[in-house]
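Keep the 3D view open as you read.

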Amino acid sequence: MIIDTRIRPPYKGFAGGSNFSKDKPAKWAGMFGGKVAESVKRAPEYFEKGQHEVIFQESLKEMDEARIDFAFVPGRKGQDKVWIDNQDVVDLCNEYPDRFAGIASVCHEDPMDYNLEQITKFCINGPLYGVSIETGLVADIPTATPRFVDDPMFWPIYELCEKHDVIVSFTHNGPAYPDTSGSDPVRLKHIYSDFPKLKTLLVHGSWPHVNEIAAYLFVNKNVMVQPDFYMMHAAGWQGYVDSINYMNPENYVFSSSYPLADMKTMVEYYLNCGIKEERLPNIFYKNAAKFFGIDAEKVKRFPNSPIKDEF
């Protein structure tokens, strides 16, 4: 069984934008030695014709070919001129309940009361599992101030999420912040001093602080690391593999990060990058299932999965 913890399929508000452009996916795939998905290559042509459903169905077929059983879809607000309405995420999950679950999104440039209402509506009283915050990626908002995750302005969000067991997801790599100290685990320590039971998901694996996050996981098991393509030939990527194999096998999850990476290529890479066979179930489904609290009966199963299903 394979659970992909970060995928942005071309559905409603996700369709179009730079993630499905000609240049951005090729740039990211080139940086990490990956591959651009065939559906993404064809997307600009089909979007121009208004044939969004064609590319969406192609992405589902690629998901099947990669043998990804189930995937989490995060919203996004604050970057790339693609602001995903949380209702779009809910609609996708309602249409394909055995394939997708969702994560809401808020932007710190919106009034805090509004953000708390969104979390209450879509996570606490709704079907979404967590909330994504792009604290530093606000280039599309001329008046916005990029912020670090330990800025006190986020405390009301953390307080609400801790109280109701809502996962907080950060885009958490050095380039996502005003400087690379943004993804230093020291900033997480500042948060957890006040919110020790908060559950956080670190998109892009806290890169370049690969060793530092491995050390931090010794003292905080409420943190889940999502290295995605930063485990694919990024500087220091071997540190993720060592941490998964030995020190912290229960604190990493698989993510293809489609459409910026080809799903099948990412699955095959994770299967063959040096992760021990006995740790593969952890990163491919066990850790995600436990962290998100997934109902096993809800998930589609592929009989030919490369990972034996004990879920």
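Rings of Phe, Tyr and Trp (its six-membered ring) count as a pair if their centres lie within 6.5 Å; planes under 30 degrees apart are called stacked, over 60 edge-to-face, and the rest tilted. With that rule, a search of the whole structure turns up 28 aromatic pairs.

Before the details, a word on the source. This is a predicted model, in which local features need pLDDT of at least 70 and side-chain atom pairs count only at pLDDT 80 or more, while totals for chains, interfaces and linings use all residues. Residues are numbered from 1 along each chain as its sequence is written, and side-chain values use heavy atoms, with hydrogens and water left out.

**Aromatic pairs**

Two of the pairs are set out here.

| Pair | Centre to centre | Angle between planes | Class |
|---|---|---|---|
| Phe-154 and Tyr-158 | 6.3 Å | 40° | tilted |
| Phe-254 and Phe-284 | 5.1 Å | 40° | tilted |

Phe-254 sits in the loop between H9 and H10 and Phe-284 in helix H11 (residues 280–292), so this pair ties together parts that are 30 residues apart in sequence. Helices (H or I, at least four residues) and strands (E, at least two) are DSSP runs, numbered from the N terminus. Elsewhere, ring pairs link Trp-28, Phe-32, Trp-207, Phe-229 and Tyr-230 into a cluster.

**Helices side by side**

Two packed helices are described by the angle between their axes and the distance between the axes. Axes are lines fitted to C-alpha atoms, for helices over the stretch in contact, and angles run from 0 to 180 degrees between N-to-C directions.

Take helix H5 (residues 112–124) and helix H6 (residues 155–163): they pack at an angle of about 20°, and their axes are 10 Å apart. That makes H5 roughly parallel to H6; angles under 35 degrees count as roughly parallel, over 145 as roughly antiparallel, 65 to 115 as roughly perpendicular and the rest as oblique. On the H5 side, Met-112, Leu-116, Ile-119, Thr-120 and Ile-124 meet Pro-156, Ile-157, Leu-160 and Cys-161 of H6. By class, this contact of H5 with H6 has eight nonpolar, one polar and no charged residues. For these classes, Ala, Val, Leu, Ile, Met, Phe, Trp, Tyr, Cys and Pro count as nonpolar, Asp, Glu, Lys and Arg as charged, and the others, Gly among them, as polar.

How do H10 and H11 meet, and at what angle do they cross? Their axes come within 9 Å and cross at roughly 135°, and H10 and H11 are therefore oblique to each other. In H10, Val-267, Tyr-270 and Leu-271 meet Leu-280, Ile-283 and Phe-284 in H11. The contact of H10 with H11 divides into six nonpolar, no polar and no charged residues.

H9 has its own set of buried residues: Gly-239, Tyr-240, Val-241, Ser-243, Ile-244 and Asn-245. These buried residues of H9 pack against H8, S7 and H11.

Contact means heavy atoms within 4.5 Å. Phe-292 is found in helix H11 and counts as buried at 7% relative accessibility. Apart from neighbours within four places in sequence, Phe-292 is in contact with Thr-5, Phe-72, Ile-103, Tyr-129, Ile-167 and Leu-201. The C-alpha atoms of Phe-292 and Tyr-129 are separated by 6.8 Å, although these residues are 163 residues apart along the chain.

Ser-132, in strand S4 (residues 130–133), is buried at 2% relative accessibility. Not counting residues up to four places away in sequence, Ser-132 touches Gly-75, Ile-103, Ala-104, Ser-105, Val-106 and Ser-169.

Most residues other than glycine have a negative phi, and most peptide bonds are trans. The peptide bond from Trp-207 to Pro-208 is cis, with omega near 10°, and Pro-208 lies in the loop between strand S6 (200–203) and helix H8 (210–216). Another cis peptide bond joins Tyr-258 and Pro-259, with omega about 15°.

Asp-228 is not a glycine, yet has a positive phi of about 40°; Asp-228 is buried, at 0% relative accessibility. His-233 also has a positive phi, near 75°, but is partly exposed, with a relative accessible area of 47%.

Terms used: Buried means under 20% relative accessible area, exposed over 50%, partly exposed in between (1.4 Å probe, protein chains only).
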